[in-house]
Amino acid sequence: MAEIDDSLGKADFAQLHEDFVKAPKSDVLSRVITQNGINQAAQDPDAQVRLDPVFSVDLQTGSVTNQKQSGRCWLFSLVNTLRHGFAKKYKIKDFNLSQKYLFFWDKIERANIYYSRMIATADRPTNDREVAFYLGMPGEDGGQWAMAAALVQKYGVVPVSAYPETSNVENTGAFDAVMDRKLRIDGMVLRDLVNAGKSDDEIAAARQKMLSEVYRIAAYSFGEPPTTVNFSYRDDDKAYHKISGLTPQQFYDQYFGVDLDDYVVISNSPDKDFDRLYSLPSQDNVAGGKQIQFLNLPMAVLKQTAIAQLKDGEAVWFGNDVLEQMDRKKGYLDSHLYRYSELFDVNLEMDKAKRMAYHQAAVSHAMTLTGVDLDEQDQPTKWKVENSWGDKNGEKGYFTMTDSWMNDYVYEVVVHKKYLTKAQQAILETAPVELPAWDSLA
């Protein structure tokens, strides 16, 4: 290929200017966008009609939670599905579980499995793509549904009154920065020990010391988690109840009784083959615990199973890209909320598969489906979404999502496997295709 001069010069600038002034109403649009901002200028005023928050299937779920300045949405969303079931069964309005409890143990478990990964990849350079992924954000907050499920299965749950929110868990920036530095240093030391040919006992001793230090940092920052549940409450009929002397695991088994192994993450990732099972071992957080798996199916199945679970009175965890086409204050999620292509007269459209392949798509958030509006043909038109951003956003913390946004920006739902066909359930028994750490579903 001949060498091309791709530097910009005066002639290029003149042409760019000429193209700009020739654009229809460029002076008017420049004033409107400059003074009002892109989103304000692009927002469709008809969105409020499409997003009227009335739903034919509407679970009574009470007040919302607030993850504040933390990346714990994946924990909040799972806890929301559990607490709503408890509140309904035991008639205790606005009951809440401690997200901090699971977050504490995630930090310990995640450090432990990170050490294993550093040892296993010690022979590779730090710019190896997988090693670089592990070193990228070793102390991050984010996670997947299966990671939250693994923590519940191992550690149980406690009421929020037993282990309440505190400053470092509501704003995790400083803690995460400390953990990132701590884990990178530990990774360096472990890699050096392996490459220096140190014995397994020496490496294990160093690792144990590191884990003890991680526990100390977490305990200083959050307080040690409780080992027993002592919980008193009055139900909605004013009757008094007392629970005492149970371990968190016993509390979960006796009062929740939800077998999380009966639930499956259904993904809609059209850049991959449908009717296949995939795994993401690079993000598993509990060694020997529940593994991250996705049953990749067409979007129609995600919606069909979510609707069935909602009709049966159970909320649905779902993974999505909340940063796309969202008005946080109004609680709007609508694929046509901001008409950027029309505003700039530039084609900014991509289909879902292309967005995933070209890194425009991201599973950036987890929320909870608590309702859906169905038309005369029993087809969804909009969905009710419980967020974890407090009650100052949306309708007292609840968002309204159009069905088109569901199609475009929802990538995962978690439903009971009983809503799958026998053929789909059979796929769950097949060997999963292992996804790399940098996959679009990560």
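Trainee: Which residues is Thr 121 in contact with, leaving aside its neighbours within four places in sequence?

Mentor: Val 131 and Arg 191. Keep in mind that this is a predicted model. Thr 121 itself sits in the loop between helix H6 (99-120) and helix H7 (129-136).

Trainee: Why is Thr 121 called buried?

Mentor: Its relative accessible area is 4%, and buried means under 20%. So Thr 121 counts as buried.

Trainee: What about Asp 321, buried or exposed?

Mentor: Buried, because its relative accessibility is 4% and the cut-off is under 20%. Asp 321 is found in the loop between E7 and strand E8 (326-327). Leaving aside neighbours within four places in sequence, Asp 321 is in contact with Gln 360, Ala 361, Ala 362, Ser 364, Trp 405, Tyr 409 and Tyr 411.

Trainee: How far apart are Asp 321 and Ala 361 in sequence and in space?

Mentor: They are 40 residues apart in sequence, and their C-alpha atoms are 7.1 Å apart in space. There's also Asp 351 with Asp 408: 57 residues apart along the chain, with 7.9 Å separating the C-alpha atoms.

Trainee: What makes Asp 351 partly exposed?

Mentor: The relative accessible area of Asp 351 is 44%. Asp 351 is found in the loop between helix H14 (340-344) and helix H15 (352-357).

Trainee: And which class do Asp 94 and Asp 275 fall into?

Mentor: Asp 94 has 37% relative accessibility, so it counts as partly exposed. Asp 275 has a relative accessible area of 46%, so it is partly exposed too. Asp 94 lies in the loop between H5 and H6, and Asp 275 is in the loop between E4 and strand E5 (276-279). Asp 94 has a positive phi of about 60° although it is not a glycine, and Asp 275 also has a positive phi of about 60° without being a glycine.

Trainee: Why is helix H8 (residues 145-155) described as largely enclosed by the rest of the structure?

Mentor: Because nine of its 11 residues are buried. They are Trp 145, Ala 146, Met 147, Ala 148, Ala 149, Ala 150, Leu 151, Val 152 and Tyr 155. What covers them includes helix H5 (73-90), H6, helix H12 (248-255), strand E4 (263-267), strand E7 (316-320) and strand E13 (410-416). Following H8 is Gly 156, with a positive phi near 70°.

Trainee: Which residues touch the most other members of the largest nonpolar core?

Mentor: Trp 145, Phe 251, Phe 256, Leu 369 and Met 401, out of 114 residues in that core. H6 gives the most to this core, with 10 residues. Apart from it lies another core, of eight residues, among them Ile 33, Ala 47, Leu 51 and Tyr 338. Coming back to Phe 256: not counting residues up to four places away in sequence, Phe 256 touches Leu 82, Phe 86, Phe 95, Leu 97, Val 157 and Phe 251.

Trainee: How do you know that H10 is roughly antiparallel to H11?

Mentor: Helix H10 (residues 173-195) and helix H11 (residues 200-222) pack at an angle of about 175°, with their axes 10 Å apart. Angles over 145 degrees count as roughly antiparallel, so H10 is roughly antiparallel to H11. Residues making the contact include Phe 175, Met 179 and Leu 183 of H10 and Ile 203, Met 210 and Phe 222 of H11. In total, the residues of this contact divide into 15 nonpolar, one polar and four charged.

Trainee: What makes E2 and strand E3 (residues 240-246) a pair?

Mentor: They pair in the antiparallel sense over five bridges. Pairing takes at least two bridges, so E2 and E3 qualify. Ser 232 stands opposite Lys 242 in E3. E2 and E3 form a hairpin with five residues between them, and Lys 238 in the turn has a positive phi of about 75°.

Trainee: Which residues make up the covered face of strand E2 (residues 229-234), and which the uncovered one?

Mentor: Val 229, Phe 231 and Tyr 233 are on the covered face, while Asn 230, Ser 232 and Arg 234 are on the uncovered one. In a regular strand the side chains alternate between the two faces of the sheet.

How values were computed:
Residues numbered from 1 in each chain as written. Predicted model: local features only at pLDDT ≥ 70, side-chain atom pairs only at ≥ 80, totals over all residues. Heavy atoms only, no water. Helix = DSSP H or I, 4+ residues; strand = E, 2+ residues; numbered from the N terminus. Buried < 20%, exposed > 50% of the residue type's maximum accessible area, 1.4 Å probe, protein only. Contact = heavy atoms within 4.5 Å. Core = buried A, V, L, I, M, F, W, Y, C linked by side-chain atoms within 4.5 Å. Axes fitted to C-alpha atoms, helices over the stretch in contact; angles between N-to-C directions. Parallel < 35°, antiparallel > 145°, perpendicular 65-115°, else oblique. Nonpolar A, V, L, I, M, F, W, Y, C, P; charged D, E, K, R; others polar.
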